[in-house]
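Dear colleague,

I am handing over the structure we spoke of, and my notes on it follow below. Please have the model open while you read them.

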Amino acid sequence: MKILQISSAQSLGGGERHLADLANGLVGRGHEVHVALRPNSPLAGELHRVSRENICTLPLRNSLDVTSAQALARLVRKEKIEIVHAHMARDYPLAAYAARRNPGSELIVTRHVLFPLNRLHRVTLAKAARIIAVSQAVADQLLADAIAPVEKISVVLNGIDTAKFLNEGTELNRRTFIENWKLPADTLLVGTVGELTPLKGQEEFLRAASQILRQVPNAVFIIAGIDHSPSSKHQARLVQLIDELQLSAHVRLVGWLEGLAQLYCALDVFVSASHTESFGLAIAEAMASATAVVATETAGVRELVKANETGLLVPIADVNQLAAAILLLLEDEDERIRLGKSAQHFAAKNFGVERMIAETEGIYRAEAGSGKA
């Protein structure tokens, strides 16, 4: 098939990693994949298997960018694209226009988040051949908002390269990792990964750290992520809080790490303190790394973490219970190992990237050439 993926993203998050894995995997399955991005998009560097000549750049400024919509329509016509697939809400109307102007193409959109869509998107998505939700929680939200009938919504759980995390754990020399970070040999590592924003709960993570250190003084807390807000105000707030709580000797605010798989495997406990989570790609990666997980009980996380089986769940924004759960695992190595191994098995069975690619490909095949309503 001839497939066009569209993303106006300017940073790399879970949705963008999803698109890169999907595009690369579809090329590996013999499809002709084209990708439309903004200039200087970080996604371009992740599309390792997509031909450079098949990656085009457009302004993709917003959902009313007529120039970009017309350029997409011309691209779809020129390349005889069969599937137009958009991944961000502001790109949905542009993709819909391009598909509508070309009778041989079908519109597919993926919904990666739980936030409600506006009236414009309801009209746009009425013409979509299929809406893919990355979790049942997202599908339920789409149905609750009356975005589309149930037969147009398909759940395709996010996928990750579970083998990569398994191999990283096998190869990791944790002692060397600790030495490279200039930490004492008996350090217990607790980490969280995600964009620096209040919704990801890094403030609660720090407040929990303050409590934990009273009983586990050899714990070190790592926050990996980038602040995309104006003037990096969220990061500034975290730096201020670290100072207020006198945590500077025990917290590493490390920005983005290329070697995230190594970090996941080195951690004793992975924490997700999010206030909302549509799926939780970082949680799935930590699980695939056999790292014990503590997560807030968001709608999406309930599909990943089975309480006391593949991780521990705590109420959203409850610092005391978050601290208690982390502390329990730091003080019980056997329980950490049990939960980590169970989580790794669950991730390998349910979150494989090949499964995600195959299910999406199946949706494409079902819709390609089916004709527009």
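**Pockets, cavity and sheet**

The second largest pocket has a volume of about 460 Å³, where a pocket is, on a 1 Å grid over the protein atoms alone, an open set of points with protein on both sides within 12 Å along at least five of seven lines, and a volume is the space filled by probe spheres set on the points, which are joined across faces, edges and corners. Please bear in mind that this is a predicted model, in which local features need pLDDT of at least 70 and side-chain atom pairs count only at pLDDT 80 or more, while totals for chains, interfaces and linings use all residues. Residues are numbered from 1 along each chain as its sequence is written, and side-chain values use heavy atoms, with hydrogens and water left out.

The lining of this pocket comprises 20 residues (a lining residue has an atom within 4 Å of a point), and Cys-265, Leu-267, Ser-289, Ala-290 and Thr-291 are the ones nearest its centre. Helix α13 (333–350) is among the elements that supply at least two lining residues each, together with α6 (162–171) and α10 (260–266), and α13 gives the most, with 6; helices here are DSSP runs of H or I with at least four residues, strands are runs of E with at least two, and both are numbered from the N terminus. By class, the lining holds 9 nonpolar, 6 polar and 5 charged residues, counting Ala, Val, Leu, Ile, Met, Phe, Trp, Tyr, Cys and Pro as nonpolar, Asp, Glu, Lys and Arg as charged, and the others, Gly among them, as polar.

The search of the whole structure also finds 1 cavity of 30 Å³ or more, a cavity being a set of points where a 1.4 Å probe fits but cannot get out.

Strands β1 (residues 2–7) and β2 (residues 32–37) are joined over 6 bridges, and Ile-3 has Val-33 in β2 as its bridge partner.

Best wishes

Key
Pairing = 2+ DSSP bridges.
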